[in-house]
Amino acid sequence: MDWANLQLGVEAALTPTNILVCLIGVVIGTAVGVLPGIGPTATIALLLPITFNLDAVAALIMLAGIYYGAQYGGSTSAILLNVPGESSAAVTAIDGYQMARRGRAGQALATAALGSFFAGTVATVVLAVLAPPLSRAALAFGPAEYFSLVVLGLIASVALASGPMVKALAMIVLGLLLGTVGQDIYSGTPRFTFGSRELFDGLNFVSLAVGLFGVAEILRNLEAGGIARASVRKVQGLWLSKAELRQIVRPVLRGTGLGSLLGVLPGGGHVLASFASYAVEKRLSRRPETFGRGAIEGVAGPESANNAAAQTSFIPLLTLGLPAHPVMALLVGAFIIQGITPGPNVIQDEPVLVWGLIVSMWVGNILLVVLNLPLIGLWVRMLRVPYGVLFPAIIAFSAVGCYSLGLNAYDVLAVALFGVLGYFLVRMGCEPAPLLLGFVLGPLLEENLRRALIISRGDPSVFVSRPISLALLVLAAVAVVVAALPAIRRRREVVFAEDA
Amino acid sequence: MTPSEVPDPGLTKSPPPDRRAGRDPRPDLLAGGTFVIVGLMFVVASSRYELGSALQMGPGYYPLVLGGLLVALGVGVAVEGLFRRRNPRDAAVRDPTPAPAPRDDTGGDDTGGDDAGGDDADSDDAAGEERGPVPWMSMALVVAAIVAFALGVRELGLVPALLIATFLAALAGRRNAAWAAGVAVGLTVLCVLIFVVALQLRLPLVGSLFTG
């Protein structure tokens with residue numbers, strides 16, 4: 001670990017402003033995690049324009065806080081309502097809700113919070129240790145390697161995710177195509193702009209994300225006549241007994257390990273991690289029959305795994321500039337809004353930003369324990385906000401947020417357009433997440449493809465003759481094959497169902 | 001989440017019918033068709049730009065290739081939709097987790113099916129099948145709300161534009177003008193507090209239409 005930089009990070013993260021934005025981030029994150037019907041992806045997209053006014057470090061700290069805060073919040077509604085507020089909390093709902101039914105909601109919540117805190121802390125250290133060497137290795141990448149890396153990232157995110165793979169691939173290509181709108185990087189020719197000046201800089205990323213994840217989700221909920229609110233179980237007794245603590249130590253440790261490992265994978269490793277951890281705990285348990293009937297290990301393991309993975313999924317973003325899933329893609333957008341090009345250089349060029357972000361995650365984890373345990377009553381009360389009020393608020397925030405970004409009415413109109421588009425795509429069984437990944441990575445893909453071919457004098461074999469590039473492409477091919485195997489296929493069903 | 005995660009009163013009593021056996025291919029055909037059309041549009045539009053060669057790609061090269069790829073994938077989506085209908089996956093390929101707990105029958109404390117449509121049942125086979133009809137009226141109101149804000153914010157100013165937008169949006173959830181008006185006033189105040197007072201965004205509260 002790099003102590004000088006770590007110290008830099010501590011200094012950056014512990015300024016009063018940055019502690020405050022971190023707090024704001026995790027509070028908002030917990031709130032959207034608790035509330036079913038709005039997820040971190042839509043929220044972060046919505047708040048991107050607002051963070052424009054903050055400096056880069058504060059903006060990233062806040063957005064990251066929303067993301068891992070939502071992982072915490074998601075478990076609260078999973079336990080109390082059996083409704084995972086966030087896709088990765090679905091496993092927590094199995095045993096967590098059963099614990100709540102047996103009057104042990106407090107213990108379930110405490111287990112989730114403590115497990116998450118421990119996992120978050122360890123994973124932050126993992127991130128701090130692994131990020132610098134990885135980014136140094138990535139510095140040796142040329143355009144060919146980058147092209148192959150982006151291909152791998154896109155394919156792997158689909159392979160690990162849900163839904164028929166052909167549809168997901170088509171959504172990626174659609175995203176890549178939407179990413180070509182605007183001026184061509186090499187010739188300056190405006191492409192697909194219909195002569196409109198507003199489109200010269202391309203489609204607005206925030207409008208796309210807010211429409212696809214925010215508005216489309218609202219339309220889906222309106223199908224069913226909105227989300228019903230439910231009465232919530234009473235919470236009492238947040239303290240764990242010594243016996244219970246002993247019970248959860250091993251699951252937490254194993255979950256943390258699994259999560260840290262799987263989180264690095266493209267495509268939302270955190271959901272995969274919580275399922276894997278649940279399976280492991282059940283297999284190792286001496287009383288597997290208690291699983292599904294309120295086993296505390298079934299909460300401790302997956303919750304730790306999911307939070308560890310949420311933290312380590314920052315590794316590809318910070319070292320390679322490659323977003324592992326839609327939330328990370330939004331953070332790429334945040335980097336770009338702040339005038340920073342994501343990539344292996346970021347760690348060297350912006351040490352305060354990267355290390356400040358890493359340290360802030362640890363600060364955020366402390367804040368989350370404080371928020372989630374004593375303030376649980378507040379979150380529970382928030383579940384009573386009727387959806388009929390919540391969604392007009394989301395629409396108003398989206399509209400004002402997108403307008404404030406560039407005082408451009410077209411950006412707001414685009415929200416409505418992409419909202420309707422996203423709604424119909426989901427109705428046809430196409431998840432919007434791959435589209436967003438494609439849109440974000442599209443320009444990177446094209447630029448590196450063209451640059452690599454210029455360097456190789458138009459010889460396409462450059463992508464397979466360079467060993468690293470070849471290895472990355474082989475991995476991408478393996479991901480496709482593996483995804484077609486039934487054992488993995490059923491796991492894919494869950495991963496991309498980000499309920500943003 | 002797969003639908004089986006969410007307690008559904010109908011599914012706990014009898015074993016769930018294999019949805020894929022009677023799988024409706026229409027969403028897939030529609031999706032495939034959409035991809036083919038969009039792909040073709042990009043192909044046609046890109047071919048008007050300079051294509052160049054692999055060595056010196058013009059602006060049209062990359063989108064042309066992608067457009068063609070999208071057409072191919074669209075055909076694939078449609079074909080798979082038809083094929084999978086005749087070839088249902090067996091029930092073993094369902095969910096990695098143990099069977100969900102039976103529905104809590106103490107009543108009143110479970111949100112049940114409503115959320116299934118909204119949040120969770122959006123893995124592949126859920127879409128287009130177990131959903132209600134398209135909420136055309138609500139969708140029109142939501143779109144109208146956003147469009148009204150976009151077109152009105154400059155001339156009318158932030159407050160009037162927000163009032164109109166939130167009123168329309170609230171109507172999308174509940175067709176009750178008085179209730180929607182109340183929600184609109186409350187949310188407008190909230191937005192002004194958040195964006196103008198707290199975040200200091202310099203958006204004129206009242207637009208040029210009123211101030212002259």
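Predicted model: local features only at pLDDT ≥ 70, side-chain atom pairs only at ≥ 80, totals over all residues.
Let's start with a helix pair in chain A. Two packed helices are described by the angle between their axes and the distance between the axes. Take helix α4, residues 56-81, and helix α14, residues 326-337, both of chain A. Their axes come within 11 Å. They cross at roughly 170 degrees. Therefore α4(A) and α14(A) are roughly antiparallel to each other.

Which residues of α4(A) and α14(A) make the contact? From α4(A), we have A:Ala59, A:Leu60, A:Leu63 and A:Tyr67. From α14(A), we have A:Val327, A:Leu331 and A:Ala334. Sort them by class and you get seven nonpolar, no polar and no charged residues. As background, an α-helix has 3.6 residues a turn, so residues three or four places apart point the same way.

Staying in chain A, look at helix α8, residues 165-178. This helix has 14 residues. From first C-alpha to last, α8(A) reaches 20 Å, close to the 20 Å expected at 1.5 Å a residue. Is α8(A) enclosed or open? Of its 14 residues, 14 are buried, so α8(A) is largely enclosed by the rest of the structure.

Find it in helix α16, residues 351-372 of chain A. A:Val363 has 21 C-beta neighbours inside 10 Å. The cut-off for buried is 20 or more, so A:Val363 counts as buried. Leaving out residues up to four places away in sequence, A:Val363 touches A:Ala13, A:Ile19 and A:Cys22. Compare A:Gly301: it sits 62 residues from A:Val363 in sequence and 22 Å away in space, C-alpha to C-alpha.

Next, A:Leu449. This residue is in helix α20 of chain A. Why does A:Leu449 count as buried? Because it has 24 C-beta neighbours inside 10 Å.

Then A:Arg457. Look in the loop between α20 (433-455) and α21 (462-465) of chain A. Is A:Arg457 buried or exposed? With 10 C-beta neighbours inside 10 Å, A:Arg457 counts as exposed. Its backbone deserves a look too. Most residues other than glycine have a negative phi. For A:Arg457, phi is positive, near 60 degrees.

On to chain B. Chain B has eight helices and zero strands. Along the sequence, the pattern reads α-α-α-α-α-α-α-α. There are 212 residues in chain B, and 43% count as buried. Among contacts in chain B with a separation of 6 or more, 66% are between residues 24 or more positions apart.

Helix α7 of chain B covers residues 177-198. It has 22 residues and reaches 30 Å from first C-alpha to last, close to the 32 Å expected at 1.5 Å a residue. Which residues are buried in α7(B)? They are B:Ala180, B:Val183, B:Ala184, B:Leu187, B:Thr188, B:Cys191 and B:Phe195. And what covers them? The cover includes α18 (387-406) of chain A and α6 (158-173) of chain B. After α7(B) comes B:Gln200, with a positive phi near 60 degrees.

Last topic: confidence. The model scores ipTM 0.77 and pTM 0.77. Chain A has a mean pLDDT of 82, and 91% of its residues reach 70 or more. Which elements of chain A have the lowest and the highest mean pLDDT? Helix α23, residues 486-495, has the lowest, at 51. Helix α19, residues 409-427, has the highest, at 91. Over residues 493-500 of chain A, pLDDT stays under 50. The model still has 46 contacts there beyond four places in sequence.

Chain B averages a pLDDT of 72, with 66% of the residues at 70 or above. Residues 1-21 of chain B are below 50, and this stretch has 48 contacts beyond near neighbours in sequence. Residues 86-129 of chain B also stay under 50, with 117 contacts beyond four places in sequence.

Conventions. Residues numbered from 1 in each chain as written. Chains lettered and ligands numbered in written order. Helix = DSSP H or I, 4+ residues; strand = E, 2+ residues; numbered from the N terminus. Expected span 1.5 Å × (residues − 1). Buried ≥ 20, exposed ≤ 12 C-beta atoms within 10 Å, placed from the backbone. Contact = placed C-beta atoms within 7 Å. pLDDT = per-residue confidence, 0-100. Axes fitted to C-alpha atoms, helices over the stretch in contact; angles between N-to-C directions. Parallel < 35°, antiparallel > 145°, perpendicular 65-115°, else oblique. Nonpolar A, V, L, I, M, F, W, Y, C, P; charged D, E, K, R; others polar.
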